[in-house]
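Hi there,

Here is the structure I promised to pass on. Have a look at it first, and then read on for what turned up.

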Amino acid sequence: MDPNHYRFQGVWRLAAPASAAYAALEDVQGYPLWWPEIREVRQTRQDAGEVVVRALLPYRLVIHLEATLRDPGAGVLEVAMRGDLNGWSRFTVTPDGPDRPSGPSGPDGPGSAGCRVLFEEDTRPGKPLLRRLALPLHPLFRANHAVMMHRGRRGLAAYLASGGPGGAGAGPGGSGGAGADEEEAANR
């Protein structure tokens, strides 16, 4: 096992249309509005920027992001990461609920009760201190990431319930915060 290699995967279930969740995730500039650990976002080019992240542990990460895939039809957003973390990160947003369509029929599908957001990341620390501490602190780094993702899901759900991007508003049942949280389900 390489202690400097991290693979994360988690699922967020949100009571909001897939198109609204996709719009919020595509708007990286807006992340600080709903994701507490994203402290700052600076756009450097059309499809690139820098985020400053700090979760529970007393260090901040500066990560340069560059969009590598943006496919609204498939609900996929992917970025390459470099800086304090190097690798890639991807969100895949799909309709979820009892009437989920079996094939493509628009961004939200007929009668969609909400959406499913799959998060995947494959990364290695670029920050020398993190590489040196990887072996003894590997479990803490994973726990720190889990907390960040949990708060991200909770923040996005609240943001979408309050109207978020494109006037999304609450999903069925009146609450954008409802839904199961399967974060870090396949943490390796």
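Which residue is the bridge partner of E66 in strand 5? That partner is A80. Please keep in mind that this is a predicted model.

The pair belongs to an antiparallel arrangement: strand 4 (residues 61-71) and strand 5 (residues 76-83) are linked by eight bridges. Four residues lie between these two strands in their hairpin, and G75 there has a positive phi near 75°.

Strand 5 also pairs with strand 6 (residues 85-96), again antiparallel, through six bridges. Here E78 has R90 in strand 6 as its bridge partner.

Next, the pocket, which may interest you. The largest pocket has a volume of about 920 Å³. Its lining is made up of 48 residues, and those nearest the centre are Y31, V51, L65, V79 and M81. By type, the lining residues of the largest pocket comprise 29 nonpolar, 11 charged and eight polar ones.

Finally, a word on N144, which sits in helix 3 (residues 128-161). Is N144 buried or exposed? N144 counts as buried because its relative accessibility is 8%, and the cut-off for buried is under 20%. Apart from neighbours within four places in sequence, N144 is in contact with A55, L56, L57 and Y59.

Best wishes

How values were computed: Residues are numbered from 1 along each chain as its sequence is written. This is a predicted model: local features need pLDDT of at least 70, side-chain atom pairs count only at pLDDT 80 or more; totals for chains, interfaces and linings use all residues. Side-chain values use heavy atoms; hydrogens and water are left out. Buried means under 20% relative accessible area, exposed over 50%, partly exposed in between (1.4 Å probe, protein chains only). Contact means heavy atoms within 4.5 Å. On a 1 Å grid over the protein atoms alone, a cavity is a set of points where a 1.4 Å probe fits but cannot get out, and a pocket is an open set with protein on both sides within 12 Å along at least five of seven lines; lining residues have an atom within 4 Å of a point. Grid points are joined across faces, edges and corners, and a volume is the space filled by probe spheres set on the points. Ala, Val, Leu, Ile, Met, Phe, Trp, Tyr, Cys and Pro count as nonpolar, Asp, Glu, Lys and Arg as charged, and the others, Gly among them, as polar. Two strands pair if DSSP finds at least two bridges between them.
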